Structures are given as structure tokens and as C-alpha cells.
Amino acid sequence: MNDQPRRRPAKPHRRPKKDPVRFLAFEALRAVDERDAYANLVLPPLLKKARAKGDFDGRDAALATELVYGTLRRQGTYDAIVAACIDRPLREVDPPVLDVLNMGVHQLLGTRIPTHAAVSASVELARVVLGEGRAKFVNAVLRKVSAHDLDGWVEKVAPPYEEDAEDHLAVVHSHPRWVVSALWDALGGGRAGIEDLLEADNERPEVTLVARPGRSTTEELVKALGDENALPGRWSPYAVRMAEGGEPGALTAVQEGRAGVQDEGSQLVAAALAAVPVEGRDTRWLDGCAGPGGKAALLAALAAERGATLLAAEKQPHRARLVERALAGNPGPYQVITADGTRPPWLPGTFDRILMDVPCSGLGALRRRPEARWRRRAEDLEAFSPLQRALLREALKAVRVGGVVGYATCSPHLAETRVVVEDVLKGRGGEPVEAEWVDARPLMPGVPALGDGPDIQLWPHLHGTDAMYLALLRRTG
């Protein structure tokens, strides 16, 4: 008789089950990290491919989108929470592992997904993409995270406001400290304003359409969307907001280029430049940094209504092709060229109106590109600074006496906005330019909280737009 104890049969090896929604979200996060891609460019083709394979329905796409953007927006807060739950420096955690962890933390603390489902789904994803050993690590960390809600964790990991206001805001609202400091300087005021701004950066922006004048109307867009999914623009006469989101590319007017997707702040900038009174000739307009073409398309439509011609110039050939696509079908005369605005092919004094929407840090569009806040560094502004000044200086040479230049950025950082304009007007770093400020505020009728002028800074929390800046300058000599 065999007295040896009977061994239990080994459990059969279970292959991890691939969750298509979370796997796709992980793919998008890895592309953002590894290739410096932008989520708003990576995610749509991944979703389209998944739908074509029959893996996704509308709810799946919405969840994948929330997982990607929510994880990126709250990355700073989640990093601090994960760091409090592990026994090593956060930098020693491999980036793919951190992506799975942060996506799990977002499900636990930033969504209504039940705790057990958030943990088990994240661990299963880890088994698929990381392996069994790392999946155990993910499981252990997320179980620690699940011990508190978001408010409880923030109280634990954020320094008190009274001790370090900027670091407190950085952790609570998930922005790098230097960005908090820069936005606070640009905004001015006390705690309430900066907290409102930082929180607005973490909200999902509305999809806003532009009806290009002479080619489409807001009434057409409202009818195509249906009354239940269409809201009027807050400020722009050309804007229609999509209340429930959806696919703007499915609209006929968008497919035909008669309308497009464009933030209301960008619409206001283009419309303000077109509305500045100009005496005498008003037939030659220039968009000197035209890519990817949204403002150029609106300017071209406005120019066509007045019998004016738009020249759209873009330095990068691939972006120039995007401008051509945006302007295709415009009824008025226009031309798209590949050209460097700092070494222009046109003669001085050629144009009556010029828009120079210069390359910048993009800190005004963090709602749409949340990963930009983690990608940018304070020293990046030093690289933009000479280019921004050179582009504005050349634009003021290219406009005729009496003509107007609009200097615009999608950044509220003072070093990219008013400081650039003042330096160019005073001749710092170059020849003095004979030009005067034009008060831009009356050219945005009905828009509140535009400040003391003469330039304009729009804000997400005050205007529901990207943080666009506009200075209007008239050449005087």
C-alpha cells in the first residue's frame, strides 16, 4: 500500500484573455511614449481599424478614448500615487508597466468602473502585454491604490498648498510645476483662477465645427447634426458645437471641405484679423504659417467674399499639402506655397493683411493634447523665441504701410506672447519696426473678460476655447 499523499493535479495553464478595448488603449499610450506621437492622431486610426474588424461598438470606442485621454491628463497625479505604493523610485519602473498601472489607476479613481473589475481587467492586460511576473506586480500595486479614493490619495501625496502652492497645484491638477508657474504668471490673480484654468485643461473639449462663409452655413450644420446634437457657438458666428460628440467627418459639408473642425478660439483670431479696418487697397492677404490649414481655410473664405486673394505659406512640405487639402474647392482665388516666413520669397510691402500664427509650445491646447504638458520642457521656449521674433519681424516688413499684422500663438506663456511683440516693436535683437498696436477687443464683439488690451488672451476656463493669443499691429512707416 502506498502511503504517499496524493498530489493534487496541476491547474491547467490558462492563456490570458485579450481585452480589445484595453489592449487598444495600451497600444495608443505606448505610441505616445515611444514615438512622441499625439493621441489625437494615433487613436482615430486604431479605432477605425477595430471597428472594421468588428471588435468595437460605440461604447467600446468611448471607453478606449476615456482610458487614453484620462490616463494622459491625470498622469502626474497617478504617477505620484503609484510612487507612494512601490518600494523603488518611479523612474525604475519600465514605461510599459507604468502605462498599465496608470491606466488601472484611472479606472479605479477616475471612472465608475467597479474596483474588482478595474483591478482584474488591468491584471489581465498585464498578463497579455507584460507577462505573468509583472502582472503580479500590477496586481499588488493596484490593490494598494484601491484602499483610498482620489481625494484621499491627493491628500496623502500632494504637499499642503500653504507650504508649496505650485507643487500642490502640480500634483492635484496633474501639470508639471513649471507649466503651473508659467500659466499662473500669464493669468495673474489668486488661487481660484489658476485652479479653474488647470481643471479646465483636464476636461474633455467639445468638438466645434466651422461653417466656412460662402461655402456653408451654421444652419446647414445644425440641420445635418440634428437639433439634439447641435449647439450654437458661444462667440464665433461661424461655429456650431457638437453636444454629444460623434464623427464630424461623416458630415457632407466636412467631407466636401465647406466646413471643418476648428476650435472657436482659432475662428475668433482669423475673424478678428479680417475685421480690422484697413484704408485703401485690401486685396492681398497672407497666412504666413498656414499649416495645417484651418485658419487659412476660414481666411480664404472671408477673402473671397471681398474679392481678395489669400497666399498661404507653410515651411514644411507635408503641412503645406494639408493646407492645400483644407483650401481645396474654395471659390475665391488663393495660392498655397512651401516657403519659410523668415526668408520670404515675397517683396516688402506686398500684403494688406497678414496672419502669423507662429510655432509655439502649445500650452494653450493642453485640453486637446494632454501629452504635450509632459513632453515640453521650460528650456524649449528658448528654441521658439528667435523663430517667433524673426517671423513677426518679417511679417511687419511684408505688410504695406497702413496694413495690419496679426501675431497669434496657441500659448498663453508671456515669453511667447506680449514679450515677443514688445521686443520686436522696440527693436530688441533686430531693427526697430515702425508699427502701432491696434486694440483687438472690439473685433471680438460679445466676448467677455478680454482684459485691458490692446492684445487679447483667450482662456479655456473663461471662454471655453483654447488659450489663443492675438496681437494686432498696424505698420506706420
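Reader: At what angle do helix 1 and helix 3 pack, and how far apart are their axes?

Author: The angle between helix 1 and helix 3 (residues 58–73) is about 35 degrees, and their axes lie 9 Å apart. An axis here is a line fitted to C-alpha atoms, for helices over the stretch in contact, and angles run from 0 to 180 degrees between N-to-C directions. Helices (H or I, at least four residues) and strands (E, at least two) are DSSP runs, numbered from the N terminus. The model is predicted, with local features requiring pLDDT of at least 70 and side-chain atom pairs counting only at pLDDT 80 or more, while totals for chains, interfaces and linings use all residues. Residues are numbered from 1 along each chain as its sequence is written, and side-chain values use heavy atoms, with hydrogens and water left out.

Reader: What makes arginine 30 and aspartate 99 a salt bridge?

Author: The criterion is a side-chain nitrogen of Lys or Arg within 4 Å of a carboxyl oxygen of Asp or Glu, and in this pair the closest N and O atoms are 2.6 Å apart. The pair links distant parts of the chain, with arginine 30 in helix 1 (residues 20–35) and aspartate 99 in helix 5 (residues 95–109), 69 residues apart. Arg30 and Asp99 also belong, with Asp33 and Glu34, to a network of salt bridges, and the structure holds 36 salt bridges.

Reader: Why is aspartate 94, which meets arginine 134 in a salt bridge, called partly exposed?

Author: Buried means under 20% relative accessible area, exposed over 50%, and partly exposed in between (1.4 Å probe, protein chains only); aspartate 94 has 33% relative accessibility and therefore counts as partly exposed. Arginine 134, at 35%, is partly exposed as well, and the N to O distance in their salt bridge is 2.4 Å.

Reader: How do you know whether arginine 389 and aspartate 423 are buried or exposed?

Author: Arginine 389 has a relative accessible area of 13% and so is buried, and aspartate 423, at 11%, is buried too. Their side chains meet in a salt bridge of 2.8 Å, N to O. The two residues sit in distant parts of the chain, arginine 389 in helix 18 (residues 380–398) and aspartate 423 in helix 19 (residues 418–425), 34 residues apart.

Reader: How many aromatic pairs does the structure hold, and why is the pair of tyrosine 407 and tyrosine 469 called edge-to-face?

Author: There are two aromatic pairs. Rings of Phe, Tyr and Trp (its six-membered ring) pair if their centres lie within 6.5 Å, and planes under 30 degrees apart count as stacked, over 60 as edge-to-face and the rest as tilted. The tyrosine 407 and tyrosine 469 rings have centres 6.4 Å apart and planes at 75 degrees, so the pair is edge-to-face. Tyrosine 407 lies in strand 9 (residues 399–409) and tyrosine 469 in strand 12 (residues 469–475), so the pair ties together parts that are 62 residues apart in sequence.
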